[in-house]
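Welcome! Have a look at the protein shown here, and then let us walk through it together.

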Amino acid sequence: MKERQSRLKTIKNLIKNNTIESQDELLALLLKEGYEVTQATLSRDLKLLKVGKVPDGHRGYMYALPGDDENGESEAIYVQDFLRGYISIDFSANIVVIKTFPGHANTVCNALDNLNMDEILGTVAGDNCMFACLREGVTGEDFMTKLRKHIPGIDD
């Protein structure tokens, strides 16, 4: 029984910290964490935790915990805002430059701020461009890796 409680806690953490679209993805993440479970066991765990699916704002749906629906839906809205407004992303050292359609920089900047990425120290928006200053030691590649977790399939 102790392993089950530990596994349930791990499942919650994985769902909170990753965009997971399928049980296969979740099974792979659990295996990396040292839990070898069957799909049937995972299904029962998800039912017990009352895990549901919410729109991810891009490709389809992702798992969300009860009470996270609002957060998941809010994040989906920010993802849509970001995708609607950005044109390109480039970076140098710890500065990320995101070019946007005219008048969309504030919306894209707000969306990025609300994704709560620890890698970002701060953002500044203009009219058709925004800048994100990354924390010390965070590279543009690190930023893009994390951004892709929030916005799968984003082009850089």
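## Before we start

Two residues are in contact when they have heavy atoms within 4.5 Å. This is a predicted model, in which local features need pLDDT of at least 70 and side-chain atom pairs count only at pLDDT 80 or more, while totals for chains, interfaces and linings use all residues. Residues are numbered from 1 along each chain as its sequence is written, and side-chain values use heavy atoms, with hydrogens and water left out.

## The overall picture

The protein has six helices and six strands. Helices (H or I, at least four residues) and strands (E, at least two) are DSSP runs, numbered from the N terminus. In order from the N terminus, the elements run α-α-α-β-β-α-β-β-α-β-β-α.

Along its principal axes, the C-alpha trace spans about 55 × 30 × 20 Å. Of the 156 residues, 40% are buried; buried means under 20% relative accessible area, exposed means over 50%, and partly exposed lies in between (1.4 Å probe, protein chains only).

Which residues of helix H3 are buried? In this helix, residues 39–48, they are Thr41, Leu42, Asp45 and Leu46. They lie on the same side of H3 because they cover an arc of only 135 degrees around the axis; the arc is that of the directions from the helix axis to the C-beta atoms. The face turned away from this buried side carries the exposed residues Arg44 and Lys47. Just after H3, lysine 50 takes a positive phi of about 60 degrees.

## Glutamine 23 and its neighbours

Glutamine 23 belongs to helix H2 (residues 23–32). It counts as buried because its relative accessibility is 17%. Leaving aside residues up to four places away in sequence, glutamine 23 touches Gln39, Leu42, Ser43, Leu46 and Tyr63.

With serine 43, glutamine 23 makes a side-chain to side-chain polar contact at 3.2 Å. A polar contact is a pair of N or O atoms within 3.5 Å; within protein, one must be able to donate a hydrogen and the other to accept it, and residues adjacent in sequence count only if both atoms are side-chain atoms.

## The nonpolar cores

A nonpolar core is a set of buried Ala, Val, Leu, Ile, Met, Phe, Trp, Tyr and Cys residues joined through side-chain atoms within 4.5 Å. The largest one has 22 residues, and those with the most contacts inside it include Phe82, Ile89 and Leu147. Helix H5 gives the most to this core, with four residues.

A second, separate core of 16 residues includes Leu8, Ile15, Val37 and Val51.
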